[in-house]
Amino acid sequence: MALFSMPAGASAFGPLSSLGPPGAGSGQIGYPTGVAVGPNGRVYVVDYENNRVSVFSPSGQFILAFGKSVRPSGGNTCTAATGCQKGVGDGSAGALWGPIGLTIDSAGAVYVTAGNGYRVDVFSAEGEFIRAFGKGVKPGGGNVCTTATGCQQGTGDYSAGSLTVPLGIAVDSSGLLYVTTVAYRVDVFSRDGSFVRAFGKGVNPAGGDTCTTATGCQQGKEFSSAGGMSLPYGIAVGSGGLVAVGDYGNRRIDIFGTGGNFVRAFGRGVNPATDTAAYGVCTAATGCRAGTEGSGAGAVTGGVGMAFDAQGHVLAADNSNNRVSEFGSDGSFIRAFGEGVINGEAAFQVCTTATGCRGGLAGVSSGSLGRVFAVATDCRGAIYASAWSQGASALQVKRFGEPGTPLTPCPPPDSAAAGGSAGGAFAGAFDEGRPRTAKPSIKVELNTGAGTAALIVIVSNPGILTLKGKGIRKVIRHAKRPGLIELLVMPKKALKRKLQARGKAAVKFTLAFKADNGASVTQAKAIGLKMVSPF
């Protein structure tokens with residue numbers, strides 16, 4: 001893995017390129033509210049205005065967009081060849097109704113928060129709808145839906161598993177998903193859509209700041225004290241297990257452990273022991289308060305987008321100050337960048353505590369970050385940020401770094417050291433110019449609550465996948481294009497009874513792949529299914 005290196009000087013760091021002019025056509029962007037870089041190096045941009053996600057190559061070339069009816073001739077994916085249009089925003093399967101944030105897991109699956117749909121929609125790297133989850137999204141009852149079952153708008157009632165206007169989303173190394181909502185809490189789900197817990201001030205009806213399905217959940221308390229949140233928006237999970245939340249209402253950044261334990265917060269005036277104009281860090285021991293508005297070094301007046309870089313630094317998209325600010329995970333302010341952040345000149349600048357900082361301009365230069373809503377990093381250390389500036393550079397996603405920063409994808413990790421990680425396999429499968437083979441890569445993820453397993457299969461050719469084995473249901477899927485396919489290992493009745501009685505069972509299966517070009521391969525694998533109560 002390539003690690004991020006801090007620039008030798010402020011002048012070495014700056015804008016490198018941009019993605020997407022304004023509009024609704026192919027490669028154009030309406031309102032970019034979310035951005036993420038996949039393990040294959042592609043850049044995924046949530047387009048709130050156009051109800052879709054647009055995908056670009058590392059070099060900035062438009063590849064495709066997906067969302068309901070985005071293809072003018074009919075279809076849910078579009079390219080430059082087919083043309084693109086605004087997607088349909090409703091509660092049906094595959095529709096992106098008011099999409100806001102997104103994250104991508106190590107296997108390349110894309111998770112998008114649908115603010116108006118009260119749910120999270122899950123797609124393959126190529127834009128194929130897999131499922132959606134949220135309370136009541138399945139017609140007739142159920143919290144997970146697919147194209148086969150049909151989907152509808154979720155229920156926003158603040159109970160356990162309810163996604164009341166989901167905003168930001170992040171995934172940790174174990175596959176758990178963290179979602180911020182207007183319920184003043186963070187909801188945690190497994191990648192299959194099972195609700196795990198929520199955390200926030202007073203979310204447990206019996207008292208306490210964490211809740212589960214067993215305890216029941218309620219809307220959190222809109223507090224500014226330690227551990228409280230007031231409109232949590234952006235969210236990111238670092239490799240060290242820290243969760244950074246852009247607390248928009250409290251004008252600060254809150255740091256939690258993955259279990260929901262409050263660690264610290266930082267921003268202008270958050271520590272009661274300091275002046276309200278002074279930047280500071282607070283903990284449960286010092287007490288915390290809401291930050292104050294301002295544009296000086298370290299102030300985060302409108303932190304909506306969050307990311308961690310490879311060094312564990314926290315990046316905050318501050319849409320009120322038109323800039324991106326960078327902090328150590330301990331809350332120390334490092335720098336901010338945007339147009340005119342030092343002295344108001346209409347040029348890209350990087351400010352520090354030594355230079356002093358001010359709010360950036362919503363101008364037209366290549367470094368302008370007016371109304372920035374999203375921030376992300378790639379494996380090369382480049383930083384991507386959305387821009388809602390008015391003018392020639394309006395409504396774009398911009399890439400920043402040192403001159404000569406290489407494009408993704410990064411070299412895959414050593415297979416022996418990585419244990420055959422899906423991330424490396426996925427990156428290699430999409431490397432333009434590499435020879436394509438028929439042999440698929442497989443990653444297994446267990447759902448210990450349901451006694452099932454998800455096979456994340458990456459194929460480098462179109463073809464037919466057939467999964468079968470004793471005691472499990474046979475599954476046949478047609479991969480229409482190279483990419484990611486999810487197959488579910490589901491026990492039949494006899495095996496399910498064994499799982500319920502013993503808690504675990506060994507399963508042997510074969511996965512056959514016949515490529516459309518005639519090549520075929522069969523792999524045999526044994527896994528252990530588990531069924532364990534989470535409580």
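Q: Is E126 buried or exposed, going by its relative accessibility?
A: Buried means under 20% relative accessible area, exposed over 50%, and partly exposed in between (1.4 Å probe, protein chains only). E126 comes out at 9%, so it counts as buried. Keep in mind that this is a predicted model: local features need pLDDT of at least 70, side-chain atom pairs count only at pLDDT 80 or more, and totals for chains, interfaces and linings use all residues. Residues are numbered from 1 along each chain as its sequence is written, and side-chain values use heavy atoms, leaving out hydrogens and water.

Q: Which side chain makes a polar contact with the side chain of E126?
A: A polar contact is a pair of N or O atoms within 3.5 Å; within protein, one must be able to donate a hydrogen and the other to accept it, and residues adjacent in sequence count only if both atoms are side-chain atoms. Here the partner is the side chain of R42, at 2.8 Å.

Q: In what order do the strands of the open sheet run?
A: Strands are DSSP runs (E, at least two residues), numbered from the N terminus, and two of them pair if DSSP finds at least two bridges between them. The five strands go β12-β13-β14-β15-β16, with antiparallel pairing. β12 (166-171) and β16 (210-211) are at the edges with a single partner strand each, so one side of each lacks a neighbour in the sheet.

Q: How many bridges join β14 to β15?
A: Four, between residues 185-189 and residues 195-199. Within this pair, V188 sits opposite R197 of β15.
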